[in-house]
Amino acid sequence: LGQVLSVTALPVPKQYRELFRTLQSNVPGHAEFENAIKPTLQKELGPLDDIFEFIEEIPCGAASIGQAHRARLKSKSDEMENSNVVAQNDTGSDVIVKVQYPWASWQIPADIQCVGDFLKFCVYFGVVDETAAKLSYDEFSRQFLAELDYLQEQRNLHEVYESSLDSSAPYIRRGVKIPKVFPELCTKRVITMSYLPGPKFEEEARKQLESLGIDTSLGMGAVVREAAKETGVDPEIDNSPTGSLPLSQPEDVTGGKSPWIVGLAEAAGKTAVNTIGVDTLLFLVRLARRAFLWSTAVAVRSIQATSNFAPVPLPNSLIEWAQSHKSAASQAKMLEWTRDAIDALFDVHGYQIFNQGLFNADVHPGNILVIQEGQYQHSTPNLGLIDYGQCKRLNAEEREKVAKLILSVANDESDDTIAFHFRNLGIKTKKDSTQFLGQFARLMFGPFRPHHLNHKWHRSLHKEDQVLYFPNELSMVYRTSLLLRGLAMSFQMNVSVGEMWRKHAQTVIEACQKNKDCA
């Protein structure tokens, strides 16, 4: 329950949410393998020795619903030639086996019921609005119960994998890999998929952010959340599929610490920020860091070369410094690569949303891999996208409505036009303010502007209107964009979601006009 409350969009007080986050690392480990994982696998798949050469008992990932283990399928042999368990060309493959805990089927619904009881308690004491709480809880319940449906997750993953093989899709061009599903080794409690080699993106991101001087001690999730909040919308509240959707208050209003972008702006001066713009300011930060890393790399190589030929030994302190900074060149290359990685993530997810109508709405850094070895080894890393338990489907009409809103923001159209497309999606606000809807949409899907650093602007927007209902079809799209935008902002990249998704949204509109069935 604590893990659920730490990430939910429900109105949980910040102090409680921070405490619940400490439970994210308190998950079952390899001690559960003999007692829970192995018996479940045997029950679902049969004798394991007939299928796998080995299964690593220590999980490579674990959560409250289940855990994942690396394994290897048995190589082709005389015993397997007549077996239909695994396709012959897949034998000997390294795989990931995702296994659901046997108690998850009753524990998760019980936890969700506890959340419902907690919300009733909050409603009784007037902490939250009853209608908004019910709408939020209904979608929250549906979303988390869907994670128990491994058969649906298998179908989602297979569909996205098949799409990734299409040469017209951005996956191959962008170097993005999706795991292949082994349907004959999947059940309602087990998913078997191909193994993608490489560390999680959050590990690489942590290195790069620390090289930029950003504190990652609270974890990458906290960094991304804080970066998303700097755009003026609280991701912990505003990814709520329904119900009240208040904008986040600027942190210094409540006495907290100002976000790093605000501090940077204050250091640079408001006049400078308004003159050169947020994009230029962030570019200069990244440029300075790259220059520092490359100059450090040159210094390291100079010291190393000198130490080999110097008639007098160099001071130990200098040798130790060079040794501790020997990765500067690789850090500089990876810092440059992150720009391409962010572009690729936006491109692929834009394609999933608008072209495919099936997308993963849980794109936090832990679900992204940096593939650097094996059959995918290249001069620059590729990306792997995993975990399709929180997927959302959009029909053609929903995609078209979302596309029109995205394009109206990307084209910087009038508040009237943006508000029209927003209303067409079904959003409800207290005053139905056109100005509020226009500014709110720009804040959600447009670039970060200098006036977004002004606390007075945020306060005036709060006073202008309040969201009462947020359309379901847009909520998961927004959540995806928010996570990606937060990741980009944590790397000092000011991204316009509308601009990033323009071509995909335009494709939907053109197809609609061709078929003459526009909404």
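Of the 519 residues of the protein, 52% count as buried, where buried means under 20% relative accessible area with a 1.4 Å probe and protein chains only. The model is predicted: local features need pLDDT of at least 70, side-chain atom pairs count only at pLDDT 80 or more, and totals for chains, interfaces and linings use all residues. Residues are numbered from 1 along each chain as its sequence is written, and side-chain values use heavy atoms, with hydrogens and water left out.

The protein has 21 helices and 12 strands. These are DSSP runs numbered from the N terminus, helices being H or I of at least four residues and strands E of at least two. Among contacts with a separation of 6 or more, 70% join residues 24 or more positions apart; contact means heavy atoms within 4.5 Å.

Two packed helices are described by the angle between their axes and the distance between the axes. Helix α15 (residues 396–410) and helix α17 (residues 434–445) have axes that come within 10 Å and cross at roughly 90°. Axes are lines fitted to C-alpha atoms over the stretch in contact, and angles run from 0 to 180 degrees between N-to-C directions. The two helices, α15 and α17, are therefore roughly perpendicular, a label for angles of 65 to 115 degrees. Leu-405, Ile-406 and Val-409 in α15 meet Ala-441, Arg-442 and Phe-445 in α17.

Aromatic pairs number 12. Rings of Phe, Tyr and Trp (its six-membered ring) pair if their centres lie within 6.5 Å, and planes over 60 degrees apart count as edge-to-face. Phe-354 and Trp-501 form an edge-to-face pair, 6.0 Å centre to centre with 70° between the planes. Phe-354 lies in helix α14 (residues 328–356) and Trp-501 in the loop between α20 (497–500) and α21 (502–515), so the pair ties together parts 147 residues apart in sequence. Both Phe-354 and Trp-501 are buried. Elsewhere, ring pairs link Phe-422, Phe-436, Phe-440, Phe-445, Phe-470 and Tyr-478 into a cluster.

Pro-381 is in the loop between β8 (368–371) and β9 (382–385). Pro-381 is buried, with a relative accessible area of 12%. Val-370 is 11 residues from Pro-381 in sequence and 6.2 Å away in space, C-alpha to C-alpha. Leaving aside neighbours within four places in sequence, Pro-381 is in contact with Met-334, Trp-337, Val-370, Ile-371 and Gln-372.

How values were computed
Angles under 35 degrees count as roughly parallel, over 145 as roughly antiparallel, 65 to 115 as roughly perpendicular and the rest as oblique. Rings of Phe, Tyr and Trp (its six-membered ring) pair if their centres lie within 6.5 Å; planes under 30 degrees apart count as stacked, over 60 as edge-to-face and the rest as tilted. Buried means under 20% relative accessible area, exposed over 50%, partly exposed in between (1.4 Å probe, protein chains only).
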